[in-house]
Amino acid sequence: MAIETDTKIGVFFGSRSPEHDVSIVTAGLVIAGLKNLGYTTVPIYISKEGRWYISEELGNIDFFKDPNYEKKLGSLPTYSLSTDKMGKEMVFKEEGIFSKKEISINVAFPAMHGVYGEDGTIQGLFEMFGIPYVGCDVATSAIAMDKVLTKIFYEHYDIPTTEFISFTEEEWGEYKEDILSQIKNIGLPVFIKPARTGSSIGITNAKNKEELEMGIEVAFHYDQKVLVERAVENLADLTVCVMGNGNPEASLIQESRFNKDFFSYTDKYIEDGGAQTGRATKNIIIPAEIDEESTKRIRNMARDIFVMFECSGIARVDFLMNRETGKVYANEINTLPGTLYHHLWRESGVSTAQLLKNLTRFAKERNKKRGRITRTFQSDILKNIGDGKLSQKLDTSTD
């Protein structure tokens, strides 16, 4: 596929999320890969405070390896969005009285994880500007980001998932004993998770009431809604990546092994080089060591879930399998997997270069299809306002 020279890809990363640092790692991979392919690439970094920076320096991950990188940001210009070319491009104007510099992009590649990046919020911004963007749309991103909504969808579509209960911080304060009773009926051990975080942040495993209550308090530090789900015995932790627009392709199955109770943040990004970065040599196995029938069933389930949730571009679907019984449970959906899970695609025969080409192409194809949808409607409603034809008047009383 020839690279379109007029394609200017903005890679968005960072943001106000517990997964801020993971996003920087993903962006480093994406920016380097797109540049190697010949794309014009614009690094757009959003700080932990929500300020927007655009600079070539930010495209090099070494900038962020400096412990004082946040101070270095002070010497870089900040930018704000302009609406000058909505429907065609996103234009960023340098802030400052005498600043006239403008930077524009016509394709967005979000490399952001968690809230304000993977939950439909920034996707809504791209929709408003009408430019192609990589990954799932607003509704899919919002639903998949919420572990509780995801499990409710699973139940609706008769997709097997582990037994669970969810509750808000207010409900926990008011109905604590009732909630504990319901969890007791599910049976310990259980996993406690913030409803809308990723990278295993805030997740704990509880084998008794004391650990349970402590885990719930930890989860409430990261979200106002908590999910408690039954643990799977004889566990095989399995992952499938899926990509496409309508006719998705599934990767091989990755099996993640760990010494503790679950696949932790440390396991994913630090221990043994990091499983999520593809550098681990001990705790990931590709393809997973499971039987052929289960392999086929899980890959098919992953594709079905991708279609049911109307995913686009890329997603990662996690599964839990009881090795003894062979029963499989659908777990979380990640609409922007860390580092795009390029290591799993590589083992599946798709290079990082081809992966990036595909995702850019999928974004443009979807945007082109959406461009055919009528967004306006001719109406006479405004003609009737104020000419006596409206039968009701606004009640402006303040009683």
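At 5% relative accessibility, Lys 193 counts as buried (under 20% is buried, over 50% exposed, and partly exposed lies in between, with a 1.4 Å probe and protein chains only). This is a predicted model, in which local features need pLDDT of at least 70, side-chain atom pairs count only at pLDDT 80 or more, and totals for chains, interfaces and linings use all residues. Residues are numbered from 1 along each chain as its sequence is written, and side-chain values use heavy atoms, with hydrogens and water left out.

So who does Lys 193 pair with? Glu 229 forms a salt bridge with Lys 193, the closest N and O atoms being 2.5 Å apart (a side-chain nitrogen of Lys or Arg within 4 Å of a carboxyl oxygen of Asp or Glu). Glu 229 lies in strand 11 and Lys 193 in strand 9 (residues 190-194), so the pair ties together parts that are 36 residues apart in sequence. Strands here are DSSP E runs of at least two residues, and helices are H or I runs of at least four, numbered from the N terminus.

Glu 229 has another partner: its side chain meets that of Lys 151 in a salt bridge (2.9 Å, N to O). Here Lys 151 comes from helix 6 (residues 147-156), so this contact links parts 78 residues apart in sequence. Glu 229 is itself buried, at 2% relative accessible area.

Elsewhere, Arg 316 bridges to Asp 318 at 2.9 Å between the closest N and O atoms. Arg 316 is buried at 5% relative accessibility, and Asp 318 is buried at 9%. The structure holds 24 salt bridges.
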